[in-house]
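Me: I am new to this structure and would like to learn how to read its features. Please take them one at a time.

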Amino acid sequence: MFGPITVPYDSVMLWNVCTLKDGVNFVDVEEAIGVVCNTSKEESHGFICGQVFSYAGFLSEEGSFMDTPPEKISDHFLLVTYWRNFVAHENSHKNEKVKNAFGELLEFCSETKELGYQLEWQGQK
């Protein structure tokens with residue numbers, strides 16, 4: 001559950017930025033996130049692995065170029081999932097158990113946006 005993951009080169013990655021409603025923090029949604037992650041893992045064909053990141057409040061001054069002032073960045077978390085292909089990911093959202101679990105999580109969110117990426121390079125030191 002908390003061990004390292006292996007991401008195959010021919011996978012795709014979905015980056016879901018989940019903005020929390022005012023007054024909601026990460027601790028409030030941890031259980032709902034766990035249900036979504038476990039349900040996706042168990043119910044979805046083509047799921048490889050995933051990660052959850054909570055926003056730590058850090059903003060790199062050296063690596064950021066943006067119009068939004070740092071104090072305007074909302075509290076959010078990331079659901080990062082790796083799949084065999086985009087079709088497998090989209091099909092996972094049609095599964096009733098996954099759909100219901102994700103719906104429960106959305107009760108805590110004001111917005112989510114899920115962007116799909118193809119892996120172009122990976123390496124290790």
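Me: Is Glu-111 buried, exposed or partly exposed?

Reply: Buried means under 20% relative accessible area, exposed means over 50%, and partly exposed lies in between (1.4 Å probe, protein chains only). Glu-111 has 42% relative accessibility, so Glu-111 counts as partly exposed. Before going on: this is a predicted model, in which local features need pLDDT of at least 70 and side-chain atom pairs count only at pLDDT 80 or more, while totals for chains, interfaces and linings use all residues. Residues are numbered from 1 along each chain as its sequence is written, and side-chain values use heavy atoms, with hydrogens and water left out.

Me: Which side chain meets that of Glu-111 in a salt bridge?

Reply: A salt bridge is a side-chain nitrogen of Lys or Arg within 4 Å of a carboxyl oxygen of Asp or Glu. The side chain of Glu-111 meets that of Lys-113, at 3.5 Å from N to O. Lys-113 is partly exposed, with a relative accessible area of 41%.

Me: How many salt bridges does this rule give?

Reply: The count comes to 3 salt bridges. One of them joins the side chains of Lys-97 and Glu-43 (3.4 Å, N to O). That pair links distant parts of the chain, with Lys-97 in helix H3 and Glu-43 in helix H1, 54 residues apart. Helices here are DSSP runs (H or I, at least four residues), as are strands (E, at least two), and they are numbered from the N terminus. Lys-97 is exposed at 51% relative accessibility, whereas Glu-43 is partly exposed at 29%. There is also a salt bridge between the side chains of Glu-96 and Lys-99 (3.3 Å, N to O). Both of these residues lie in helix H3, 3 residues apart, about one turn of the helix.

Me: What span is expected for helix H1, and what does H1 reach?

Reply: The expected span of a helix is 1.5 Å times one less than its number of residues. Helix H1 (residues 26–43) has 18 residues and reaches 25 Å from its first C-alpha to its last, close to the expected 26 Å.

Me: Where is the kink in H1 centred?

Reply: The bend at a residue is the angle between axes fitted to the seven residues ending there and the seven starting there. In H1 there is a kink of about 30°, centred on Ala-32.

Me: Which residues of H1 are buried, and what covers them?

Reply: The buried residues are Val-29, Ala-32, Ile-33, Val-36, Thr-39 and Ser-40. Their cover includes strands E1 (12–20), E2 (47–54) and E3 (76–83), together with helix H3 (96–106). Take Thr-39: its relative accessibility is 15%, so Thr-39 counts as buried. Contact means heavy atoms within 4.5 Å. Leaving out residues up to four places away in sequence, Thr-39 touches Ser-44, Lys-97, Val-98 and Ala-101.

Me: Which residues form a nonpolar patch on the surface?

Reply: Patches are made of residues with over 30% relative accessible area and no salt bridge; like charges are joined within 9 Å, and nonpolar side chains (Val, Leu, Ile, Met, Phe, Trp, Tyr) within 5 Å. Accessible areas come from the Shrake-Rupley method with a 1.4 Å probe, and for residues only the protein chains shown count as cover. Trp-15, Leu-115 and Tyr-117 form such a patch, with about 270 Å² of accessible area together. Leu-115, in strand E4 (residues 109–118), is partly exposed at 38%.

Me: Is Asp-67 buried or exposed?

Reply: Asp-67 is exposed, with a relative accessible area of 82%. Its place is in the loop between E2 and E3.
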